[in-house]
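Biologist: Please take me through one part of this model in close detail: the aromatic contacts. Then set them beside the loops and the charged surface.

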Amino acid sequence: MVIIKCAVIIFIYMNILYLIGRIKNNNSIVDIGWGIGFILVSLSSLLSNNLLDNINMRIIIPNILVILWGSRLAIHIFKRNFGKEEDYRYKKMRNDFGKYVNIKSYFFIFILQGFIMFIISLPLVFNNISNNNSIYLTDVIGLIIWAIGYYFEVMGDYQLKKFINDNNKEKIMKYGLWKYTRHPNYFGESIMWIGIFIMTIQSKLGIIGIISPILITYLLLFVSGVPLLEKKYENNLEFIKYKSRTNKFIPWFNKGGK
């Protein structure tokens, strides 16, 4: 069964990442591996469905989008982390885990993220094992929504990188897309998976895939994305002022001020 095969591939992949993290003594490797994991799911589920015999636009396009997103994200995080110490989030976890750091890192960082990856990728897998080759309005709507999300993530990352490179490392980014949402890149990632779900909703079991955008949005908003980053700056006066006039997640007009 293709779904089980994808789960096994993710499990093996996350174990490899864990070993690399142990060797390098740096669990940040899991962030670089996040996007690549989805590419592996995409390709493995495609090949399992005899791609050459069942090739059609409804199957190919969502996979191209996920591969494009995963590749860009992996390269972006690799460049950002190259030559640097372990990310502050994983350093904190390392300290919190204490003498059980290795076993807890394995389950609560690598295996947990692998499970989340599996759930989020379900709409893509359901679509890849479907034989429905008709084009629906939902495919077009989903593609447009995905493109909007991709723009927010890519442009948000680009604007932040440019801002930091202009000797603003200790300052708060509040320009461009960051003027309308405090987390344009996280918002973009959520919107992209909503787009993928809508594009794949016509496949068999497609409606079950709604768990994907719900899960990623919940995690970004309440667990691993927004809360951790905002906690880092909770005592920063510039951030407090920025927070008072800028929406947390969904873009909206700035409340004014500089």
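Modeller: Helices here are DSSP runs of H or I with at least four residues, numbered from the N terminus. The model is predicted.

Asn25 sits in the loop between helix 1 (2-24) and helix 2 (29-48). Its phi is near 55 degrees, a positive value in a residue other than glycine. Is Asn25 buried or exposed? Asn25 has a relative accessible area of 51%. The cut-off for exposed is over 50%, so Asn25 counts as exposed.

Leu205 is not a glycine, yet its phi is positive, about 70 degrees. Leu205 belongs to the loop between helix 9 (184-200) and helix 10 (211-222). Its relative accessible area is 41%, so Leu205 is partly exposed.

Now the aromatic contacts. The count comes to 18 aromatic pairs. One of them joins Phe152 and Phe187 edge-to-face. Their centres are 5.0 Å apart, with 75 degrees between the planes. This pair links distant parts of the chain. Phe152 is in helix 8 (residues 137-165) and Phe187 in helix 9, 35 residues apart. Both Phe152 and Phe187 are buried.

Phe187 also pairs with Phe249. What does the pair tie together? Phe187 lies in helix 9 and Phe249 in the segment after helix 12 (237-245), so the pair ties together parts 62 residues apart in sequence. Why do these two count as buried? Buried means under 20% relative accessible area. Phe187 counts as buried because its relative accessibility is 11%. Phe249 counts as buried because its value is 8%.

A separate entry concerns a cluster. Tyr18, Tyr106, Phe107 and Phe110 form one aromatic cluster.

Last, the charged surface. Arg80, Lys84, Lys169 and Lys232 gather there in a patch of positive charge. Take Lys232 as one of these four. Lys232 is placed in helix 11 (residues 226-232). At a relative accessible area of 46%, Lys232 is partly exposed.

Technical notes. Residues are numbered from 1 along each chain as its sequence is written. This is a predicted model: local features need pLDDT of at least 70, side-chain atom pairs count only at pLDDT 80 or more; totals for chains, interfaces and linings use all residues. Side-chain values use heavy atoms; hydrogens and water are left out. Patches are made of residues with over 30% relative accessible area and no salt bridge: like charges are joined within 9 Å, nonpolar side chains (Val, Leu, Ile, Met, Phe, Trp, Tyr) within 5 Å. Accessible areas come from the Shrake-Rupley method with a 1.4 Å probe; for residues, only the protein chains shown count as cover. A salt bridge is a side-chain nitrogen of Lys or Arg within 4 Å of a carboxyl oxygen of Asp or Glu. Lys and Arg count as positive and Asp and Glu as negative; His and the chain ends are not counted. The place of a charge is taken as NZ of Lys, CZ of Arg, CG of Asp or CD of Glu. Helices (H or I, at least four residues) and strands (E, at least two) are DSSP runs, numbered from the N terminus. Buried means under 20% relative accessible area, exposed over 50%, partly exposed in between (1.4 Å probe, protein chains only). Rings of Phe, Tyr and Trp (its six-membered ring) pair if their centres lie within 6.5 Å; planes under 30 degrees apart count as stacked, over 60 as edge-to-face and the rest as tilted.
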